[in-house]
Amino acid sequence: MNLHEYQGKELLNSFGVRIQRGIVVDNPKKAVDAAKQLTVETGTGWWVIKAQIHAGGRGKGGGVKLAKNLAEVETISENIIGMMLITPQTPPQGKKVHQVLIAEDVYYPGENSPEEYYMSVLLNRATGKNMIMYSTEGGMDIETVAEETPHLIFTEEIDPLIGLQPFQARKIAFNLGLSGNALKEMIKFVSSLYTAFVQSDASLFEINPVLKTSDDKILAVDSKVVLDDNALYRHKDLAVLRDYREENEIEVEANAAGLNYVDLDGNVGCMVNGAGLAMSTMDLIKQSGGEPANFLDVGGTADAKRVETAFRIILKDSNVKAILVNIFGGIVRCDRVAQGIIDAYRNMGDAIKIPIIVRLQGTNAIEAKQLIDESGLDVISATEFQEAADKVQQVLSKI
């Protein structure tokens with residue numbers, strides 16, 4: 001589950017991580033009021049207006065602007081709120097901005113020059129350990145840094161059973177070239193950041209940039225926080241932060257129906273039980289000359305209602321030109337699945353206007369094929385993987 005920048009910062013701040021302070025608003029008038037409030041609370045004379053969408057690269061798309069007076073706060077907010085913001089991480093049409101964060105200016109003049117760093121906390125799946133990745137090249141795309149100057153990226157692995165040790169936090173601060181009060185601030189920042197990562201059951205924290213201010217404070221100017229969906233039952237307070245407006249509508253509907261669905265850019269819809277079989281089915285479609293339009297795991301209870309819901313969700317994608325149903329009858333009997341497909345097909349009337357290939361294998365597979373073949377419906381049955389692949393290929397050749 002992704003959080004907005006302002007939500008991520010609030011979470012970090014609750015664990016003692018210093019942040020760039022700000023107020024989220026949804027209209028220009030509130031933006032001006034927020035700017036005035038920030039001036040009273042922080043003394044800032046300039047304000048940063050930041051679009052709140054689940055995508056990086058907002059500045060490149062015009063979603064982050066500096067306002068030097070209240071008139072600019074209102075004008076910039078009015079221009080950003082409601083716009084379709086296009087960044088390298090959004091769909092081609094962009095994402096609609098519903099709210100902006102009015103943030104304090106933290107690049108104020110002082111004894112020292114501000115410095116920007118990159119820092120993230122994530123799981124290294126190769127080692128089974130958590131990892132802090134950091135660099136002196138903050139404010140840049142980390143992918144570019146990794147490609148062009150990989151020696152400037154450092155990693156520190158942390159055994160999750162032991163946790164972050166004080167010497168590791170000090171090592172990170174030293175590698176970033178810090179000393180004096182800035183070094184002490186960074187040690188505290190790193191320790192608090194890691195604590196927040198673990199206790200919120202996050203899968204990713206990314207702060208770009210982490211800023212050393214002109215008076216040697218260390219704070220998070222931005223935040224990308226991804227929480228582990230499987231752990232949200234332990235965090236009811238965080239689960240309510242989900243912004244469904246930022247998510248794929250079909251995926252949200254599928255999730256509400258208890259279906260595991262991921263939208264893809266292909267032309268053949270998939271309905272499968274089991275994640276492993278679903279991945280194999282996507283390979284099958286690819287080898288047959290098609291492109292999978294989705295990942296859809298209906299689980300072990302493929303009854304008529306569930307199958308009908310899955311069909312309706314798949315058909316919401318106008319790019320789908322055929323559907324491959326691939327069910328292994330282990331927990332569920334194939335003949336029951338076949339009857340569910342038949343009932344769902346009949347319930348949907350004329351809604352299904354594209355070919356459907358059904359492969360049922362496992363318990364009562366022969367009876368299931370007989371049910372499909374004798375149903376009188378425009379459904380193509382198959383038993384073997386290669387047979388299903390050939391029939392997908394035949395259907396696609398007619399499109």
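Reply: Two strands pair if DSSP finds at least two bridges between them. Helices (H or I, at least four residues) and strands (E, at least two) are DSSP runs, numbered from the N terminus. This is a predicted model, in which local features need pLDDT of at least 70, side-chain atom pairs count only at pLDDT 80 or more, and totals for chains, interfaces and linings use all residues. Residues are numbered from 1 along each chain as its sequence is written, and side-chain values use heavy atoms, with hydrogens and water left out.

The open sheet has 4 strands in the order S1-S6-S2-S3, and their pairing is antiparallel. At its edges stand strand S1 (22-25) and strand S3 (64-67), each of which pairs on one side only. On average, neighbouring strands of this sheet are turned by 20 degrees against each other, direction ignored. Axes here are lines fitted to C-alpha atoms, for helices over the stretch in contact, and angles run from 0 to 180 degrees between N-to-C directions.

Strands of a sheet pair through backbone hydrogen bonds, either parallel or antiparallel. S1 is joined to strand S6 (residues 100-104) by 4 bridges, and the two run antiparallel. Within this pairing, Val25 has Val100 in S6 as its bridge partner.

Helix H1 (residues 5-14) lies across S1, strand S2 (47-51) and S6, where contact means heavy atoms within 4.5 Å. H1 runs at about 50 degrees to S6.
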